[in-house]
Amino acid sequence: MTAVPPTSITPKPFLKWAGGKTQLLSQIAPHFPAAFNRYSEPFTGSAAVYWHLYSLREQDRAQFTSVRLADSNAELVNCYQVVRDDVATLIKKLTKHRQQHQKDYYYHIRAQQVADLSPVDRAARFIYLNKTCYNGLYRVNRAGQFNVPMGRYQNPAIFDTTALHSASRTLQGVEIVQADFRELLDWAQCGDFIYFDPPYAPLSPTASFTSYTPHPFGQREQQELADIYRELNRRGCLLMLSNSWTPTILDLYSDFHCLELKASRAINSKADNRGRVSEVLVMNYQSLCS
Ligand SMILES: C[S@@+](CC[C@H](N)C(=O)[O-])C[C@H]1O[C@@H](n2cnc3c(N)ncnc32)[C@H](O)[C@@H]1O
């Protein structure tokens with residue numbers, strides 16, 4: 001029997017994801033509600049907030065009954081389902097990718113059609129490409145085919161066995177679904193806590209924007225999201241939302257509690273042109289720290 005590695009390490013994102021919230025957790029976490037029933041993230045990405053909430057629950061600093069993680073990215077969702085259900089096979093497949101990684105191999109794996117692969121092969125491909133592609137970007141062409149070039153890493157750390165086992169343990173019993181954010185309306189009930197982290201509104205009309213799926217997230221989607229926020233507020237859900245600190249976004253949520261956070265991120269297309277930018281955290285409840 002193979003020994004299962006210890007999994008008591010704090011779970012943390014195992015993917016690189018544009019807009020990942022790890023660096024903002026210390027500013028966001030103090031505002032989590034004190035008590036709630038169920039938890040959901042409709043824009044899960046690398047799930048930084050969920051991993052953190054899970055570790056708070058392990059320390060008896062948060063209580064909730066069940067979790068629903070959703071995202072519209074089918075490959076991301078399949079990856080979490082496989083980490084939850086078959087992490088051992090996934091690790092074997094990733095080990096093969098790690099052994100064979102070089103330029104031709106990267107482009108061979110990138111060219112594979114996901115429809116021809118099993119769920120575990122799709123998940124291994126997704127993690128392998130995520131960790132070896134340029135800047136961990138996720139970009140697809142109109143046909144939905146991943147098209148990011150290989151990154152220039154000397155020795156990319158493709159996966160960490162202990163971290164994947166820890167993530168797998170953390171995902172047991174979690175509902176993981178491919179869903180558009182609008183489908184949340186069929187799920188949410190009074191007493192649920194929902195953290196929204198949508199693709200951000202651009203800081204300026206010319207700012208570059210990362211496309212995560214073939215369906216862009218524009219002003220119309222931001223407006224629809226704000227309408228859903230209002231509807232869930234009426235239902236009695238506890239709501240927290242991140243977005244960029246722009247006049248349009250502040251206007252959409254002007255009747256809620258808007259807190260300014262400072263993030264360090266690339267503010268134009270040159271990755272080295274980093275600055276401190278403001279982000280908004282919108283809550284529909286009085287946080288204990290406000
Ligand atoms: C800013 S990222 C979330 C980052 C995440 N909080 C983290 O820590 O990594 C936004 C996510 O929204 C997803 N997304 C984009 N459009 C969507 C839609 N219409 N419905 C649901 N998810 C969507 C993207 O696939 C992406 O994972």
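Here Ala, Val, Leu, Ile, Met, Phe, Trp, Tyr, Cys and Pro count as nonpolar, Asp, Glu, Lys and Arg as charged, and the others, Gly among them, as polar.

**Figure 1. Overview of the chain in the predicted model.** The secondary structure comprises 9 helices and 7 strands. The chain has 290 residues, of which 33% are buried. Among contacts with a separation of 6 or more, 76% join residues 24 or more positions apart.

**Figure 2. The shell around the ligand.** By class, the shell holds 10 nonpolar, 7 polar and 4 charged residues.

**Figure 3. Crossing of helix 3 and helix 7.** Two packed helices are described by the angle and the distance between their axes. From helix 3, Tyr-80, Val-83 and Arg-84 take part in the contact. They meet Leu-164, Ala-167, Ser-168 and Leu-171 of helix 7. By class, this contact has 5 nonpolar, 1 polar and 1 charged residues.

**Figure 4. Helix 3 and its buried residues.** Helix 3 has 12 residues, which at 1.5 Å a residue should span 16 Å. Its end C-alpha atoms are 16 Å apart, so the two values agree. Buried here are Glu-75, Leu-76, Cys-79, Tyr-80, Gln-81, Val-82 and Val-83. These buried residues pack against strand 2 (66-71) and strand 3 (175-178). They also pack against helix 4 (87-100), helix 6 (119-132) and helix 7.

How values were computed. Residues numbered from 1 in each chain as written. Predicted model: local features only at pLDDT ≥ 70, side-chain atom pairs only at ≥ 80, totals over all residues. Near = placed C-beta within 6 Å. Axes fitted to C-alpha atoms, helices over the stretch in contact; angles between N-to-C directions. Helix = DSSP H or I, 4+ residues; strand = E, 2+ residues; numbered from the N terminus. Contact = placed C-beta atoms within 7 Å. Buried ≥ 20, exposed ≤ 12 C-beta atoms within 10 Å, placed from the backbone. Expected span 1.5 Å × (residues − 1).
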